[in-house]
Every structure is written in structure tokens, then in C-alpha cells.
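Thanks for coming, everyone. Let me put the structure up, and then I'll walk you through it.

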Amino acid sequence: MVKQRKLLSIPYYLWILLFVVFPVLLLLFQSFRGLDGGFTLTNIQTYFTSRVYLTMTMQSFLYAFLITVLTLAISYPAAYFLTRTDNKQLWLLVLIMPTWMNILLKTYAFIGILSQTGVANQMLEFMGIGAQPLLFTRISFLIVATYIEIPFMLLPVFNAIDEIDDSMVYASRDLGANEWKTFLTVIFPMSLSGVRSGIQAVFIPSLSLFMLTRLIAGNRVITLGTAIEQHFLVTQNWGMGSTMGIVLIIIMFGVMFLTRKRKKGVPVK
Amino acid sequence: MIKNNKWASLYLIIVFILLYSPIAYLIVYSFNEAGTMNQFSGFTLEHYSSLAEDTRLMIIALDTIRVALLSALLATTIGTLGAIGIYYAKRSKTQNMLLGFNNILLVSPDVIIGASFLLLFTVVGFRLGFYSVLLSHIAFSIPIVVLMVLPKLEEMNENMITAAKDLGANNWQVLKEIILPSITPGILAGYFMAFTYSIDDFAVTFFVTGNGFATLSVEIYSRARQGVSLEINALSTILFLVAFSLVAGYYFIQRQQRTKRLTHMDPTNHEKAVTP
Amino acid sequence: MKKLTTLALLILALTVAALAGSRYIERAQGTSGSDVFHLYNWGDYIDSDLIEQFEEETGYRVVYETFDSNEAMYTKIQQGGTGYDMAIPSEYMIERMIEEDLVVELDHSRIEGLENIDPDFLDLNFDPLNRYSIPYFWGTLGIAYNEDMLEGFEPESWEDLYRPELENSILMIDGAREVIGIGLQTLGYSLNSRNEAELQEATEQLRGLSPNIKALVADEIKMYMIQEEASIAVTYSGEAADMMWENESIVYILPEEGSNLWFDNMVIPHTVQNEEAAYAFVNFMLDPEVAAQNADYIGYSTPNEKAMAFLPEETIEDEQFYPSEEMMDNLEVYEDLGLEYTGIYNDLFLEFKMMK
């Protein structure tokens, strides 16, 4: 019985071996290879001693942090209000719909909106501010990245708030707490698990957005993702690219650790 | 729409407008007579007819769908069997380890997945093109399928299996008659998610494609740099309508079937994609 | 189970339908055929009418794939997972590819029409005796600007780009050698400098240019200049020719300090699958009329001497695109820097990008 099941799961184990374990090992191995293909520690050394790489990592961090904060600031109230609408599942679906639109197409829309004669500038002129260079600025990068990430924050936060037992809310009210106090003492603490998942879902990808840095920020914002892509696909320095990949993986585990679920264990079986 | 709060409704409406305005913008200008996204000069359908004549784009669209359909199917098969494997793994230590591996790909940034797969294909000497893209899509979709199927397995009534065995059912029959039917909603949700992942992917495909094979994302990336072409707007409109009708159809079918709680199958259960 | 099997079969049927659909479109287009020719080229770098003509004349089906930098092209060819029959890289990359055996030596007995090429473009340092490559186009790197937007100020040199009034208005080509090269040439050094002190100095020098850079991009420059998103750009001659075609206020100049002269040649990568078609394509492109039509369409300068007869006079006489001997002396060709210095250039370029 067990044997047969194991047999059926073989493709899955093969997958783990081939596409999870092996690629990570390759990345690790590659990061110890120099430009000439020999074993070396120079990549790691360069990375940790180069002002350029360290600044880039810090900046990348800062942008990811800002994007996460902005998405959270916009999504949290939206998620909270959503849970109190009559037809919440439908409205949630409506707000999540834009994720089904190809991300490149949305970016392409922003190229038009933010251009010198685009809608955004037409509005600025209408308001009397006058046209500003919007495309290829850091602000635009933040705006577009936030736009793209909002649904990924909205969902987990919504789910967390939605799972809160209504009786808790009623109890709090019965005990005399007003709406604000109920929110602060009951709803907010209980929604934190959703916020944590949201941060994971937004922060890590924000470190590695590489096509936005080019299309919207005109390569004036360099994230870890941009640098990795450049090293792999343009400058052919796979060793350095892999080193940064490993750094990104370590950061990823750091973020996962900091935002881990406080409940014990993984809910299996 | 919200009970007793105008400001809350207003806020939601603003968020709604913000989220939809770029899409609306694309759609409106797809009918623009002037070839730009700046001034709207008059209504035309010419961008749609030039889209229909753009055979390269048509072929790419069909290829994108082909990769998505096939990769999601294979990922669902492997993922479902994997979930059953994890579920029946005896020790919880093994389970946790397997789940850990499963989640690595889920949380890894696209760039890492793309770069490491490119390394993999290079080392093995695998030709870049349709098959490398297909394999990569299968690979990054499997974990989400596992996460969609596992909860259904946990909800399954073990007594049914014991009963079936007592009645003389063999393993194959148990799998076919008991396990699979009870996890079907999870499998379907898994397929749906895998399909979406594949259609949406840009970064991984960008790394592992070659030999003239492209998906829509990759093609749009290169076209968006050549200049604004309202053909892309026309394409967006069509894609949006397709996505919209799929989701709307899905929602209403769901609603009709919905008894009280069926949230697990909701495709919007995206949280699972990111919860370790 | 039954339901799942049915669904799986349905999905498979849809997959097959999608496959059949794309095959049908290919056939309807008349491009299906077993004799496929994989061409790996820069974006928008051949007149598409010529591809059709080539397909009609020879019966090969052309699969056209594009790259946007020599390095990106090199990566895909070196990686080995591709099967291109022909690529069109620039000289320094050809030098590197020859060294690494990534290109196939040409059989000159199968090439017709090499005598059409101006001898000035044959037997150059990067490929003596043209054993591996055949000239396709050549051109320069220079400054394109919009007369109306700059209001009276006309840049003449790299130095002019540093002016404070140009803050946030230059679109720069996204290439390490191009950008570091500007720094080097402003200081009077060679574009191929392998001197660390010079390179450091050039990078420091570029610090002054950084605030003026609006974006570091590639293909996009053409569109944004035409749309007047920016007033000035550092770009290649042929790109500039296209811009001038669409927007009459745009002017292209070669900077006083000198600039880069480049050659894009056709090579057969080691991954070639259809050598026959590759030679057919070379011979097709060497035809003077074809070369002239291509040059007229793309806007770059053709090395095909006999093609000049088919080009409009104003094109040939335009000194910005067919510079005089004297101007040519001021231009420098890239050499392959070798791995170490390519790495150094790239790191300095990253530093430049991070400056703002």
C-alpha cells in the first residue's frame, strides 16, 4: 500500500530533486566560480567589500520597504472595509481582478499614463501645476510597484480579518468598547497574521522587480533583481549573479523568519 | 454597500478606481483613431483588425495558451500525487521537510528561479525553447497545486478508506473511488492557480526561452520598448474580457453551488500561495 | 475520477487545438515548410519586405528573433541551447566569438558578391581576410537632439552634455562600453583603455554627467525622442536616422572628441543547423539592390559600394551618416577587452548607474 503510493509520488520527488535542490546547489556552486571558471572566493569578497554592491543592496531594501509600507497603508483599510460590505466575496473578487491582467500590459499602460503628454500630466496641467517629468523617476517606480503589489497584500489581510469570529466583536461592543477601541484591541491584533503573509508576499518580490526598473525607472533604480538579471543575461558574470542570488535567498529566509506564523508547527494532518 | 459608513464606501470606491484606471485607459485608447495614447481623436476598430492580421502575435498568443494548459495539467498531476505522498508520509519530520522544499520555490523571487533554471538547462545541455519553458512552468506551478490539494486531504474522512478496504477494495480502487473524488475541488483550484501562474509569468520565461519561442509577456516586453502600439491595447482589451468572463462565470457557478462555506475552493485563496 | 479524466482529456484537446491553430496560421501565411532559417538579429534591423522576398526566392522559412545587446546575443549563443543559423553581432563581439570558437569559418567559394563591398570594410583587424564574417551595416555613436526643445543651444561635443541646464534630459544608451567610452573620450583617452587609472578617472568624470541622465535605455530611445519625451539622446546613427524621419526637429551629430565607429557583420554561429540557408542569406544580402533597399529602410550606412548607385543622393552625401575621411580618422573601433576588463567596465558602469 505505502509502497505503491510512494511509487506514484516519484515524479514529485524527482521534481524536488531536479528543480529545487539541484538549482540551488548550482547557484551556490556557481557563486564560487570566477570569470575564468576556476574556484574562487573573489565574488563573495567583492560583494561584501564593494561600496557599489552594498549601496545597491541597501537601496533595494529601502525601495522594497517603501513599497511594502505603501501597499499596506492602502490595502489594510480597504481590506477592513471590505469585510464589512454586504457582498464581500464579490467585491473582493472585483478588487483582485486586475491581477489576472498581464503585469507587462499594466506596466505598458503606465508608460502611456506617465509620459510627458500623458493623462497624468494633462491632469497636472489642468490643476495648474504644469507638466512634470514623471516617467523615469523614483516616485513613478514606487507608484507603479505599489499598484502592482496591492492585491497581494489585500488578500491575506482580508482573509485574516474575515476569519475573526463575529462574536468577539460583539462581545467587545457589549463590554462598552466603541468601534475604534474594538478595532484596536480585537480586530487589529487578530489580523496581524494576515499582515505578516502580506509582507512576505510583497516584500520579497519587490526586492527583485527587474522589468519595472527598466521600463518605468529607466534603469535609474537598480534593485537586486535588476543586477542579477544584468549579470546573467547581459554581462555574462554568472558567478557574481549567483552570489547575489544567494544573498537574495538568505534575505528571503530572513524575512520568512521574521514574519513567521506564531502558531506552532505546520498545519498538516 | 457598506453598512452605515459613507467614508468607508468612498475609500473602497477610490481604491477600485485606482486599480482599474490603467486598465480602463488601455481599453479606451484601443479605439483611438490617432495612433497614440495621448489624444483621443475618434473611434476606430482598425487596431483590432491589424491585431487579427498580426500573425506573429496570434501564434505567440496560441503558444502562451498551449504552454499554460499543458504545464498546468502536468503540474496538477505531479502536484496531486505529491500531496498524497506528503499526506501519507509517516513521520511528521519528513512531512515538514517535504513541505519546506515545496515552499522554497513558492517564495523565491522569479529572478532566482529564472537564473537557477537557466543554470540547470545549461549544465544539462538542454535546448532552450518551448520545452525549457514548459518544464520551468511545470516546475514553478507544482508547489501551489500541492498547497491547494493538501487541505482537502486533511478534510477527507479516513474512515471511508478503512471501510472501503474492509469491503475488499484494492489500493487503486481506494485512490480512484475515495481519495480523488473527495479532493477534486482542491485539484481544480490547483489547476486554476497553476494556469494563472503560467499565463502571468514573465521573469522565468525571459530567462529560459530561446530559439524564437516567446510568450505574450516576453513579446510585450520587447514591443513596449519599441514604441506605443495600439495593437497592444487591443490585445489587452481582449485578454481582459476573457479573464473577466472566466472569473465572472466561475463566481456565479460557485455561487449557485455554494451552500454555506466553500471558501477553500475560492481561486482567490491566494494567501496559501504565500503562507509557509 | 471520471470527471477528472474528462477534464484532463478536454484540456489535452484544447492544447492540440492551440497547436493546430498556430500551425494553421503559419501555413495560411505560406511560411510553413521544413526548411527553416533561424536569423538572430537586432530589433528592427532588416526591411521585413526583404525577408518576404528572401523567402519567396529561396523557399526557406525565416524565423526572426531579436536581441538588444551584443552581450545578450553572446549569452544565448554561448549557452548552447539555441540553434541559430545566422547572427549579426558587432566587431568586438565577433572578435571574442572567433576566439572562443563560437562561429564557423566561412567557405568563401560559396559566397558571391563580396566584391560589391567597399574594400575599406574588408579585412579589418577584428576578422582578418573576413574568414568568419561578412559586412552588413556600419555606423557611429553620436548625439541626437531636438533643435526646438533645446532652444538655440546646439551640442557639438561630449563635453557639452555635462552642461547643468541639461539636467534630467538625456536619454543614454544602456551599454557599459558606450557610457564609459564617453568618459574616456572626453578626457582624450582611448575607447579601448585597459588602464585602471584612466578608467577610474573616466568614471569620476562621468559623475558630472549623471544628473543629466534621464534614463539608461536602448530600443526605447527612438520612440521617446520622436514623442519629445526627452530633448537629447546618445544613440547610434541609424536610430537617429529613423528619428529624423519621424520628427523633423531632430539633428544627429558626431561629437568633436571623436566617437565609436562600429561594424555589424553576419556570422554563422557554431549552433548552425541550416548552413545552406545561411549562405543563401549572405549572398542575398550582398546583392547591391537588396543592400540599398535595406539601408534605405533601416537608415544605417551600408558597406556595399555598388549599392550606393541605388541610394538617393542626399543620403550618400550626408556627412553625419557617411562621414568624410577626415571625420573617420576621429572615430575609434571597439576591441575585445578580454574577460577581466569587460568585468571592470561592467562594474564601473553599475557604479555609474548607482550615482544619481
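**Chain C and its domains**

Chain C is assigned two domains: domain 1 covers 35-138 + 262-317, and domain 2 covers 139-261 + 322-354. Those bounds come from an automatic or database domain assignment. A word on the ground rules. This is a predicted model, where local features need pLDDT of at least 70, side-chain atom pairs count only at pLDDT 80 or more, and totals for chains, interfaces and linings use all residues. Residues are numbered from 1 along each chain as its sequence is written, while chains are lettered from A and ligands numbered from 1 in the order in which they are written.

Back to chain C. The centres of domain 1 and domain 2 of chain C lie 25 Å apart, taken over C-alpha atoms. Their contact takes 15 residues from domain 1 of chain C and 16 residues from domain 2 of chain C. Contact here puts the C-beta atoms of two residues, placed from the backbone, within 7 Å. On the domain 1 side, two elements of chain C give two or more residues: helix H4 (91-99) and strand E4 (133-146). Helices (H or I, at least four residues) and strands (E, at least two) are DSSP runs, numbered from the N terminus. H4(C) gives the most to that side of domain 1, with 4 residues. By class, that side of domain 1 has 7 nonpolar, 4 polar and 4 charged residues. Nonpolar is Ala, Val, Leu, Ile, Met, Phe, Trp, Tyr, Cys and Pro; charged is Asp, Glu, Lys and Arg; the others, Gly among them, are polar.

**Chain B**

Next, chain B. Chain B has 12 helices and 0 strands. Its C-alpha trace spans about 75 × 65 × 30 Å along the principal axes. Of the 276 residues in chain B, 49% are buried (20 or more other C-beta atoms within 10 Å of their own; exposed is 12 or fewer, partly exposed in between; C-beta atoms placed from the backbone). Take the contacts in chain B with a separation of 6 or more: residues 24 or more positions apart account for 79% of them.

**Chain B and its partners**

What does chain B give to chain C? The contact takes 30 residues from chain B and 29 residues from chain C. On the chain B side, helices H3 (55-88), H5 (110-124), H8 (171-200) and H10 (216-226) give two or more residues each. H3(B) gives the most, with 10 residues. That side of chain B divides into 14 nonpolar, 11 polar and 5 charged residues.

Now chain A. Here the contact takes 72 residues from chain B and 78 residues from chain A. Helix H1 (residues 6-29) of chain B gives the most to the chain B side, with 11 residues. The chain B side has 53 nonpolar, 14 polar and 5 charged residues.

One residue to look at is B:Asp200, in helix H8 of chain B. B:Asp200 touches A:Asn102 and A:Ile103, not counting residues up to four places away in sequence. B:Asp200 and B:Thr64 are 136 residues apart in sequence, yet 9.8 Å apart in space, C-alpha to C-alpha.
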